[in-house]
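Me: I would like to go through the labels on this model one by one. Please set each value against its cut-off.

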Amino acid sequence: MNQETTYDVAVRGAPRSGGGFERPTTARSNFELYSWLFMRVSGLVLIFLSLYHLVWWNLVVGVEHLDADMVRERWTNPFNRLYNVALCVFAMLHGINGLRYSIEDYVRKPGRQVAVKAVAYTLLLSVMAWGVFALLTFDPTIPTR
């Protein structure tokens, strides 16, 4: 058994023939447990946030009433900004965690895993920071014409 296989078994469990990993034989920390729990909680939160968004804007307000003035009025309410920040942050972190699982399942060499994760995390966290910055700093009082 080489060092790479020992590392995989200790962290993610032994690779299964159909993909994924078996339960780890030894646990170094509770990171995987908290990561698993975060995926379940963030997935549930995302369902409710997206359902609220779909129902409110498509059924209550109606898409025929959506225009630039409606969007600017929406941005004057701090609740709507925080709602969208929560939606952006939960979606991106949920996606990053899912991407982490995929990278660990399909990129087997530890050096490549680190490189792929570094690029992916940098891109996704940059997009999340950019999105949150745009959501929090948008000035709805700027005239459109």
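**Salt bridges and burial**

Reply: R100 and E104 form a salt bridge, with their closest N and O atoms 3.3 Å apart. This is a predicted model: local features need pLDDT of at least 70, side-chain atom pairs count only at pLDDT 80 or more, and totals for chains, interfaces and linings use all residues. Residues are numbered from 1 along each chain as its sequence is written, and side-chain values use heavy atoms, with hydrogens and water left out.

Me: What makes R100 and E104 a salt bridge?

Reply: The term needs a side-chain nitrogen of Lys or Arg within 4 Å of a carboxyl oxygen of Asp or Glu. The closest N and O atoms of R100 and E104 are 3.3 Å apart, so the pair qualifies. Both lie in helix α4, 4 residues apart, about one turn of the helix. Helices here are DSSP runs (H or I, at least four residues), and strands are E runs of at least two, numbered from the N terminus.

Me: Why is E104 called buried?

Reply: Buried means under 20% relative accessible area, exposed over 50%, and partly exposed in between (1.4 Å probe, protein chains only). E104 has 7%, so it is buried.

Me: What does the salt bridge of K117 and E104 tie together?

Reply: The N to O distance is 2.7 Å. K117 lies in helix α5 and E104 in helix α4, so the bridge ties together parts that are 13 residues apart in sequence. K117 has a relative accessible area of 16%, so it is buried.

Me: Which residues are linked in a network of salt bridges?

Reply: E32, R100, E104 and K117. The whole structure has 4 salt bridges.

Me: Why does Q113 count as buried?

Reply: Q113 is at 11% relative accessibility, so it counts as buried. Q113 is found in helix α5 (residues 110-137). Leaving aside neighbours within four places in sequence, Q113 is in contact (heavy atoms within 4.5 Å) with I103, E104, V107 and R108.
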